[in-house]
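Please open the structure in your viewer and keep the selection tool at hand. This tour goes from one selection to the next and says what is to be found at each stop.

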Amino acid sequence: MPQDSGSCPGALTPYVETKDLSEPLSVARGPFVLAGETKGKLEADLFFRWLPSTAVAFEGSCSIQHVDLRHDSWALEADGDLKFRVPVLLTHARIGSTSSHVRGEVQGELSVGQPPFDRLRFSLVNFPDYLGASAGAGLEASVGKSTFRLDAIPQAADLRKRVKRESGFVISHVGEWTPESGKITASEARETLRCLHFWFGFLRCAWTGPVFPQGLSDGEIVWRQFAPWKLGESRDVLTWLPQRKPIDLPNLFSEFTQRWADSAWRPALLSAIAWLVEANSSRIGLEAKIVLAQVALELLAWVRL
């Protein structure tokens, strides 16, 4: 298995860490403005929630006395370090004499910043250890002159061991993508993240990220994304990644991206990997696993032949 990233020279520095399994993570500090039919001050923080489902959520006191949950055009506005306006869904409201206690979730993606950047960094959740082609190193791969790196987070080693026995989520790895052109836009970053989502899902055989992506320009954070990312099993799952025989993942990634760029192959990859992940789920019975895996294999064989 690769050594902890802290022991490798030039290893990537973790920028988001979990101190406990499924620990909520801060997104932005309040107060905010809750805007709908009327506006009011919301004394709450925005945080990322893992369970019972992933969400960017909030809970706190609002100066609006009568909050109508039936009103479907609520938005959250911020004018602090992170400036944004994003639609939200209110899931709970308790009316008080002068204020209301509300709880809700951001609908869709919360993205902050727009300028192009030269590096895209991201994190992975519950990603397994593997035996790479070179012992003691993280994963490095390239597509043309674009490169990405991945390192395990040494501070998460104990939590990664706990996940093998318990249920929960831990940010296990940190990664970085450097574009060939030297600059990448937010829309291009989203497409890159989508490709990596299916690539890492294929490796783990369960959805694992990327999460908490950030765009950096000259070392400064200029773009951030928060979303209810699709994550898979909170328990340790079976994976085809080898534990005894090294594997050349960089070469495999190069082959994957070639298929991804092919208009005939991409839809097949999207379906086949989704079926693989579903077939590997602990919630699926054995008979269904066989059927799902067979459907994926037949689809890939049909496209290949």
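A salt bridge is counted here when a side-chain nitrogen of Lys or Arg is within 4 Å of a carboxyl oxygen of Asp or Glu. By this rule the count comes to 15 salt bridges in what is, please keep in mind, a predicted model.

**Salt bridges**

Begin by selecting R190 and E109, whose side chains meet in a salt bridge with a distance of 2.8 Å from N to O. R190 belongs to helix α2, while E109 sits in the loop between β8 (100-106) and β9 (110-112), so this pair ties together parts that are 81 residues apart in sequence.

Next select R149 together with E140 and D151. R149 forms a salt bridge with E140, where the closest N and O atoms are 3.8 Å apart, and the side chain of R149 also meets that of D151 in a salt bridge, at 3.6 Å from N to O. R149 is partly exposed, with a relative accessible area of 23%, whereas D151 counts as buried because its relative accessibility is 6%, and the cut-off for buried is under 20%.

For the last stop in this group, select D20, R162 and E166, which are linked in a network of salt bridges.

**Helices that pack together**

Two packed helices are described by the angle between their axes and the distance between the axes. Select helix α2 (residues 186-204) and helix α4 (residues 266-279), whose axes come within 9 Å and cross at roughly 45 degrees. That angle makes α2 oblique to α4, and the crossing of the pair is left-handed. To see where they touch, show the side chains of E191, R194, F198, G201 and F202 in α2, which meet R266, L270, I273, L276 and V277 in α4. The residues of this contact divide into six nonpolar, one polar and three charged.

On the α4 side the contact is made by A268, S271, A272, W275, E278 and A279, which meet a set of residues in α5 including K289, L292, A296 and V303. By class, the contact of α4 with α5 has 11 nonpolar, one polar and two charged residues.

**Backbone details**

Most residues other than glycine have a negative phi, and most peptide bonds are trans. With that in mind, select G30 and P31, where the peptide bond from one to the other is cis, with omega near 5 degrees; P31 lies in the loop between β1 (25-28) and β2 (32-35). Then move to G209 and P210, whose connecting peptide bond is also cis, with omega near 5 degrees, and note that P210 is placed in the loop between α2 and β14 (211-217).

C205 is found in the loop between α2 and β14, and it has a positive phi of about 65 degrees although it is not a glycine. Finish at F212, which lies in strand β14 and has a positive phi of about 50 degrees, although it is not a glycine either. C205 counts as buried at 6% relative accessibility, and F212 counts as buried at 4%.

Technical notes:
Residues are numbered from 1 along each chain as its sequence is written. This is a predicted model: local features need pLDDT of at least 70, side-chain atom pairs count only at pLDDT 80 or more; totals for chains, interfaces and linings use all residues. Side-chain values use heavy atoms; hydrogens and water are left out. Axes are lines fitted to C-alpha atoms, for helices over the stretch in contact, and angles run from 0 to 180 degrees between N-to-C directions. Helices (H or I, at least four residues) and strands (E, at least two) are DSSP runs, numbered from the N terminus. Angles under 35 degrees count as roughly parallel, over 145 as roughly antiparallel, 65 to 115 as roughly perpendicular and the rest as oblique. A crossing is left-handed if the near helix is turned anticlockwise from the far one by less than a right angle, and right-handed if clockwise. Contact means heavy atoms within 4.5 Å. Ala, Val, Leu, Ile, Met, Phe, Trp, Tyr, Cys and Pro count as nonpolar, Asp, Glu, Lys and Arg as charged, and the others, Gly among them, as polar. Buried means under 20% relative accessible area, exposed over 50%, partly exposed in between (1.4 Å probe, protein chains only).
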